Amino acid sequence: MENRDRDWDFHLRTLSSSTRDSAVANDPASDPALLHSVRKLYELCKAENSEDLVARFYPQINKLFHRAVASLAQSRTSNGLLLLAILQFYLDFGEIVLHDADPSLRIFFRSCLSREFSDPVVAEATLDFLNMNKKKLLTSFPTLLPQFFPLLLKLIAWNGERLEKSFLKVFPGLMSPGSFLPLFPSLVDFPILVVALEKVGRSSGSLIGSSIASIQKSAAPEMLLALMDEAYTGSTIGDGGADSESEDSNTMDVADPLFLELLKDENDGLAERHWTSLGMATALQAAINTPQSDRLKQILKMAPRILDVYFSIALRGVNNSLICALIPLLMSKIATIFPDKSFSYEIRKRLLEFMLAAFLRSPDFIALLKKPIMDRLAEAYDSPAKTELALQLCWAIGEHGGGGGSHKDAARELFESLELLLYENLSSSRLGLRQDSAVSADSESFRKSSQSRLLCFVVTAIAKLATHHRELLPRARVSLGKVSRSRISDARVWRRARDYLGLMNEPAICLSVLGPSRPSCGQAQNPGTVNWSEGRTKMIAHVPFYILGEHEARSRISDARVWRRARDYLGLMNEPAICLSVLGPSRPSCGQAQNPGTVNWSEGRTKMIAHVPFYILGEHEGPPYHDFSFSDILPRTS
């Protein structure tokens with residue numbers, strides 16, 4: 001007890017005497033003993049659980065907090081650890097001394113962390129503080145982290161993979177209704193944020209936080225703050241004093257809206273990101289033409305992982321209105337991603353997977369977002385990235401029936417957009433690439449492959465949409481008929497159109513193969529089940545199942561009907577569920593649960609419905625074209 005009282009008095013006197021020392025009073029963080037005393041007094045308050053001790057300590061620690069904040073502009077040492085220790089006291093004992101910690105927390109973010117985020121010690125301590133108090137912060141101060149998410153993104157962008165685990169624990173707290181949409185472009189543009197921070201560092205001094213004194217001597221932290229002020233005052237920042245020969249010595253174009261947006265500290269809503277600005281183009285060109293820094297390499301790996309967490313939380317706990325508002329943003333970002341091959345692939349893959357998962361969760365989104373979807377379909381020619389987006393949108397439109405059976409008008413408008421895209425591709429030899437008289441053979445091959453793939457998706461979407469909305473069947477037959485008669489260079493396209501035309505003449509089979517994945521209330525037939533008895537006049541023997549596609553009969557006897565039938569049965573035997581229905585007994589035995597005449601696709605092996613070519617009209621040869629599997633574009637279930 002005596003030792004405790006002695007320690008208490010000693011540390012309390014240390015705090016009191018600091019006010020009389022002019023040097024320490026003007027820069028409290030310069031005396032390491034103050035931080036030690038604050039921590040010791042906090043530990044004593046926790047151990048004794050005494051309101052009297054807390055009340056005696058509070059006036060001294062509160063004065064110290066305000067002195068430290070006031071000294072930030074002139075301080076040559078880090079104040080971050082001292083302020084975090086005081087904030088911990090406020091959070092734990094604020095109710096006892098009637099102190100609202102919210103203003104103090106905001107002062108820390110605005111005045112201290114905005115200057116010291118590049119210091120690795122302060123950055124790590126800040127994340128540890130946020131993780132330790134995560135529950136209290138989210139319940140008592142729910143708007144704090146969402147408001148300062150841009151500052152925390154700068155922190156992790158500068159400090160890299162070393163703090164990734166701690167940051168990911170804090171990350172869910174950054175998401176709120178007010179930050180959900182603005183957070184998305186910030187995550188996708190993580191590499192641009194690093195480029196901007198490094199540009200400031202090269203222009204005005206080191207941002208590396210290993211030596212706080214050297215950072216404070218440099219103009220870099222002040223330049224970042226001036227960049228923030230630029231958004232409001234219109235002032236400019238001159239040359240930071242770099243070598244006049246250096247490419248970074250020119251006056252920084254702080255009026256560039258993108259850099260102002262990237263380098264802000266607080267969330268001020270969703271802002272347009274000007275990818276076409278001169279500063280943006282210059283920064284990207286420099287990033288492409290120069291070796292990547294270690295910091296940039298780290299963020300290129302981290303950003304997709306952080307985006308995974310963002311999308312996972314979005315699908316789990318974000319309301320439909322925000323998800324619906326996010327999808328147009330997502331579609332607009334497809335073509336504006338940092339030009340690193342691996343990074344852009346990983347990001348686009350995640351964007352498309354999330355989009356399809358959102359449509360699967362709420363098919364109504366397709367009808368609600370018909371205008372932006374139609375706009376994206378119209379841009380399918382612009383670039384390979386936009387072509388891929390158009391492919392996935394075509395698949396989603398067909399798979400979910402343009403939003404469902406209740407959205408007839410939206411389905412009709414989407415159908416018309418698909419028709420237009422189909423006819424433009426039939427009449428054009430160009431897709432997503434500019435024509436050039438000197439185009440290489442590889443480029444021409446890629447162009448033709450892309451065009452064929454897009455046409456296959458469009459043809460499938462038209463057939464599926466017409467199966468959902470049967471009033472569109474006559475128009476679908478006309479469209480697919482034009483494709484099947486066109487005999488364009490890639491036979492796989494017109495053969496697929498021909499197959500779907502034949503399939504549409506067998507309503508029961510068509511509904512199973514091209515119908516909705518989830519039956520609506522008015523549909524008695526479950527998807528994936530074919531009731532042959534509901535077909536028209538064709539017999540089972542007239543339905544050639546080329547399940548394996550590439551099987552060729554070896555004998556090639558003169559009558560092709562014989563070896564073709566043998567080939568069909570070979571393929572059919574590889575799908576037990578279908579084989580049992582077509583070749584099984586007319587009357588089921590006691591041990592057979594499956595009734596003859598009914599095919600349960602779910603009992604098949606690994607092939608998907610898209611791989612089963614139904615040449616219902618009899619004499620048509622060759623499997624349909626599929627250079628993709630639906631499993632490649634369906635969202636991951638894990």
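Predicted model: local features only at pLDDT ≥ 70, side-chain atom pairs only at ≥ 80, totals over all residues.

Contact here means heavy atoms within 4.5 Å.

1. Leucine 82. This residue is located in helix 5. Leucine 82 counts as buried, because its relative accessibility is 3% and the cut-off for buried is under 20%. Setting aside residues up to four places away in sequence, leucine 82 touches Pro28, Ala29, Leu34, Leu35, Val38, Leu64 and Ala68.

2. Helix 5. The helix spans residues 80–97 and has a kink of about 50 degrees, centred on leucine 91. Of its 18 residues, 14 are buried, so helix 5 is largely enclosed by the rest of the structure. Leucine 98 follows the helix and has a positive phi, near 60 degrees.

3. Helix 10. How many residues of helix 10 (residues 149–159) are buried? The count is 11 of 11, and the helix is mostly covered. The buried residues include Lys154 and Asn159, along with Phe149, Pro150 and Trp158. Leu151, Leu152, Leu153, Leu155, Ile156 and Ala157 are also buried. After helix 10 comes glycine 160, with a positive phi near 75 degrees.

4. Arginine 350. Leaving aside neighbours within four places in sequence, arginine 350 is in contact with Pro304, Leu307, Asp308 and Phe311.

5. Helix 24 and helix 26. The axes of helix 24 (residues 408–427) and helix 26 (residues 473–486) come within 11 Å and cross at roughly 15 degrees. Angles under 35 degrees count as roughly parallel, and helix 24 and helix 26 are therefore roughly parallel to each other. Their crossing is left-handed. On the side of helix 24, the contact is made by Arg412, Phe415, Glu416, Glu419, Leu422, Tyr423 and Leu426. Helix 26 contributes Arg475, Ala476, Ser479, Lys482, Val483 and Ser486. By class, the residues of this contact divide into 6 nonpolar, 2 polar and 5 charged.

Definitions and conventions:
Residues numbered from 1 in each chain as written. Heavy atoms only, no water. Axes fitted to C-alpha atoms, helices over the stretch in contact; angles between N-to-C directions. Helix = DSSP H or I, 4+ residues; strand = E, 2+ residues; numbered from the N terminus. Parallel < 35°, antiparallel > 145°, perpendicular 65-115°, else oblique. Left-handed = near helix turned anticlockwise from the far one by under 90°. Nonpolar A, V, L, I, M, F, W, Y, C, P; charged D, E, K, R; others polar. Bend = angle between axes of the 7 residues up to and from the residue. Buried < 20%, exposed > 50% of the residue type's maximum accessible area, 1.4 Å probe, protein only.
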